[in-house]
Structures are given as structure tokens and as C-alpha cells.
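Biologist: I am new to this model. Please take me closely through one part, the sheet.

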Amino acid sequence: MEGGIRAVTLDLDDTLWPVLPALERADQDVDAWLREHHPAVAAAWPIAAMRELRARIAAERLDLAHDFTTQRHLTMRYAFAACGLDEAPVEALWEVYFSARNRVELYLDSLPALRRIAARWPVASLTNGNADLERVGIAAHFRHHVSAREVGVPKPQPQIFHAAVTQLGVAPHEVLHVGDDPVLDVAGARDAGLRTAWINRRGDPWPAELGEPPELDLPDMAALADWLEAQHPA
């Protein structure tokens, strides 16, 4: 690897924390709220049915592939309309969902490594999801937050990577993108001209069909911080 790294872009879900427990908790909290305040809707749309509805809306509204928030708002409105209710309490439901969705439990290595990295490099979060760094409690470690919803396209499209690079004020080859997903993070960043680090917690083999492997294949964020500090001594 030639040249220095001047900035880091960092995926969030399944890179800094496992996202599935938070998503499952959010669905359960929404269901509990509905059972208390709108039992007829809860009976018509139990968790499994609500998930199927959201998946169907996502498949039908490809123009919203970058916007998970609006997909969920539409799901809520559809569920209420199907029960003969014109007005869905979207704001209340969203607060229930969003609060639970952001009660994540970071991997043990994530926060110490993030502190080490952010002390020396500007870090931008780069996500297709709708995690809120303030609610998670780690916003102080990021210079910028770049989301698919704001940019208008999701990873692995190059535009979202270039948006982050522009905010950081450096060249693409001076940015190391870090993430867990081989397609969205590694291949997407590589094709956008960024350098790549795969947080490969399970030790999976690189999918050969994706072409060139990541520059770094690392077991966790601590290994990333170690590598950065070794390559760029203070």
C-alpha cells in the first residue's frame, strides 16, 4: 500500500455493533405499543406480517432503496389504512422504533479502537442505515455523518463514497473505508477509488466472484487501530 491515509470512512451496523438484536428489539417495542394503543392493528399485523409488509414495500418502491426511514413510514401508514384507519400515528410509532433501533451494544473492541483512530484521523460514518450517532452515544468521535438517505443513493454506488470524500476534503486514495460487507463496503469503496479494510469478524473467505480482495482483512476494530498506528507512527 503506497501513500498515507489521511481520513477514514466507517460503516456502522455490523461493523461497530451487531444490528440484528436492535432491529428485533425495535420490532418488539413497536408491536407492544400497538397492542396497547391500537390492538386491532396489532392483531392484524403481528411482527412477522409487519416485516413481510415492509419487505414488499421495499421491493415495490425501488426508488426508496436508499431510504429505510421512509420505507418504514410507508409500512406504518399502509398497516393502519388496511385496518380502515386513515391517520397512522407515524411520529409516535417512529419514536418507539427509532429509540429501540439505536439502543445498540457495541462490540467490545469498537469504542476503544474508535477513540484511538479518531484521535489521529478524521472519521466519517458512511451508512445505508438510519443509526443516530447522538443516540448511540459516539457522535463525538466522528467529523461527518454520511447516509444513503441524505445522499440519495446507497452503497455500493460510488456517489455516496465520493460524497464522504468531498466532506473530508481529501482525495479518494487517501481515504480508508472500513466495513463488514464484502459487496457494499469493500467492492463499493474499491470501485470508487478508496482504500479498503474488511472487518471480517467470522474469518470468512473472500468471495472470489467479487474480484480484487480488500487491502486489509481484519478480525476486529482493534486490529485496524493497530495497523493504522503501525503504518503511521506518531
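Modeller: Two strands count as paired if DSSP finds at least two bridges between them; strands (E, at least two residues) and helices (H or I, at least four) are DSSP runs, numbered from the N terminus. The model is predicted, so local features need pLDDT of at least 70, side-chain atom pairs count only at pLDDT 80 or more, and totals for chains, interfaces and linings use all residues. Residues are numbered from 1 along each chain as its sequence is written, and side-chain values use heavy atoms, with hydrogens and water left out.

The sheet is open and has 6 strands, which run in the order S3-S2-S1-S4-S5-S6 with parallel pairing. At its edges stand S3 (144-147) and S6 (216-218); each has a single partner strand, so one side of each has no neighbour in the sheet. From one strand to the next, the twist averages 20°, with angles taken from 0 to 180 degrees between the N-to-C directions of axes, which are lines fitted to C-alpha atoms (for helices, over the stretch in contact).

S1 covers residues 7-10 and S2 covers residues 123-127, and the two pair in the parallel sense over 3 bridges. In this pair, Leu 10 stands opposite Ser 125 of S2.

A helix also belongs in this picture. H9 (residues 158-168) packs on the sheet and touches S1, S2, S3 and S4 (175-179), where contact means heavy atoms within 4.5 Å.
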